[in-house]
Amino acid sequence: MAQKKEPSFRQSVDLMFNRAVALMDLPPGLEQKIKVCNATYTVRFGVRLRGQIQTFTGYRSVHSEHMEPVKGGIRYSMGVNQDEVEALAALMTYKCALVETPFGGAKGGLCIDPRQYDEHELEQITRRFAYELAKRDLIHPSQNVPAPDMGTGEREMAWIADQYARMNTTEINARACVTGKPLHGGGIAGRVEATGRGVQYALHEFFRHPEDIAQAGLAGTLDGKRVVVQGLGNVGYHAASFLAAEDGAKVIGIIERDGALVDENGLDVEAVHQWISNHGGVSGYADATYVEDGAKILEIDCDILIPAALEGVINLSNAAKISAKLIIEAANGPVTAGADDILRERGVVIIPDLFANGGGVTVSYFEWVKNLSHIRFGRMQRRQEEARHQLVFNELESLSDQTKSEWRLSPDFKQKYLRGADELELVRSGLDDTMRAAYQSMREVWHGREDVGDLRVAAYLVAIGRVADSYRAKGL
Ligand code: NAD
């Protein structure tokens, strides 16, 4: 029998798109217009480092401008190439539509191993890359707004924001040119945790629907569920940490670049995270079993598998051996189109990337709005809210005195009820609402249409439908 060929990442995204549009009735040509990547800019630039000029290659892809600005992270990795950046940009278009953020899709990448450079060198490289993009309006508050992705974080976003501000000294909205900035550099509370927090909220919503839990062959709540996480970076760490500390899930496996840690009784996520920060990997960690071939741990028996590192890790070579009942795609594209077919046939439920990691862009949207409005969320209403609650409270106490009744509100209730919401609470509330609404929109299609058998097709149907509506409403 001929060996089935693994499609590239971009082909995988296109195949998933094709499966969905085959079930839609789009006008001729519109399907192609939505699918293609509008433009990819490749830049090669030199930076003088350690006494010699080094040349770097970077990309910024704009997949769809049906809404502007376009939005999507900037990745630093040696694996970055045009195919990958275009696939990620396409996913951003569908993700933004699904989680209802008013953006088109984009993505950027720099072919670099950031661990090979010190902080000062990385700043020089980042500023030069930002300069190259900004001078072509590929970084711009109203046209193209990057964010962190693999290998980048708050620090890089702060350099990008500062570089843009230096080039546009009179632009009052300069800070809105990039999201994921540190709180004291124009960022928003809750952005660092947002994608992992979104994964947690996505699972909360999934576990609110007994029919969906049963479809995955699971029962009960998140409490005690056995979880395996791949990649304890920004997304993986926050997801694992919240699920373990707040929902009682048991993280029995953590897979990193240099191997994996396993413990049936549950790993201490904080301790492992600390170990990785200090030692650069998981090997040498004493309180668990170390497995050198980390990818094998994707296959161990568990309830929930959270790939949170990179694309293509569940593919034709291992899809048949995956034992998890539920996979939540915290990374972008961790399951190839071929593996998706195999897993679907085997009845594994997959919560797809364009929904599962949509928490990042959702809170980026809040940050962008905050930057444009130049005021912290909650600043105007927090104390007014508290004063109104105090009024209710005083009234209840005086009623209780007048009627000489014995009842009293508990002090804990009083404290909780009186406090007005701060920015972090508002951000989490907005994120939770977004994840619930997006899940419900997918779910309606999943259970409501006979011809839709999985959440991924449902997600694409909802997202493509919204992009198509936008084109229909305003033309091309
Ligand atoms: P990160 O760089 O913070 O973390 C990635 C982690 O994966 C690191 O700990 C790294 O050591 C590990 N890793 C790399 N290669 C690995 C391998 N072969 N096997 C096991 N582990 C490996 O990146 P991140 O921001 O957490 O992004 C992870 C994924 O989530 C990416 O697919 C990214 O596109 C996606 N994502 C990120 C965000 C965000 O807000 N950061 C938002 C949406 C989606």
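1. Let's start with burial. In this predicted model, 55% of the 476 residues of the protein count as buried. The cut-off behind that word is under 20% relative accessible area.

2. On overall dimensions: the C-alpha trace spans about 80 × 60 × 55 Å along its principal axes. The radius of gyration is 23 Å, which agrees with the value near 23 Å that a compact globule of 476 residues would have.

3. As for secondary structure, you'll find 16 helices and 13 strands in the protein.

4. Strand 12 (residues 326-328) pairs with strand 13 in the parallel sense, over 3 bridges. Here Ile327 stands opposite Ile350 in strand 13.

5. Now for a pocket. The second largest pocket holds about 200 Å³ of space. What kinds of residues are in its lining, nonpolar, polar or charged? The lining divides into 4 nonpolar, 3 polar and 5 charged residues. If you want to find the pocket on screen, its lining includes Ile172, Ala174, Arg175, Leu183 and Gly186, along with Lys370, Asn371, His374, Ile375, Arg376, Arg379 and Glu423.

Notes. Residues numbered from 1 in each chain as written. Predicted model: local features only at pLDDT ≥ 70, side-chain atom pairs only at ≥ 80, totals over all residues. Heavy atoms only, no water. 1 Å grid on protein atoms, 1.4 Å probe; cavity = no way out; pocket = protein on both sides within 12 Å on 5 of 7 lines; lining within 4 Å. Points joined across faces, edges and corners; volume = space filled by probe spheres on them. Nonpolar A, V, L, I, M, F, W, Y, C, P; charged D, E, K, R; others polar. Pairing = 2+ DSSP bridges. Helix = DSSP H or I, 4+ residues; strand = E, 2+ residues; numbered from the N terminus. Rg over C-alpha atoms; globule rule 2.2 N^0.38 Å. Buried < 20%, exposed > 50% of the residue type's maximum accessible area, 1.4 Å probe, protein only.
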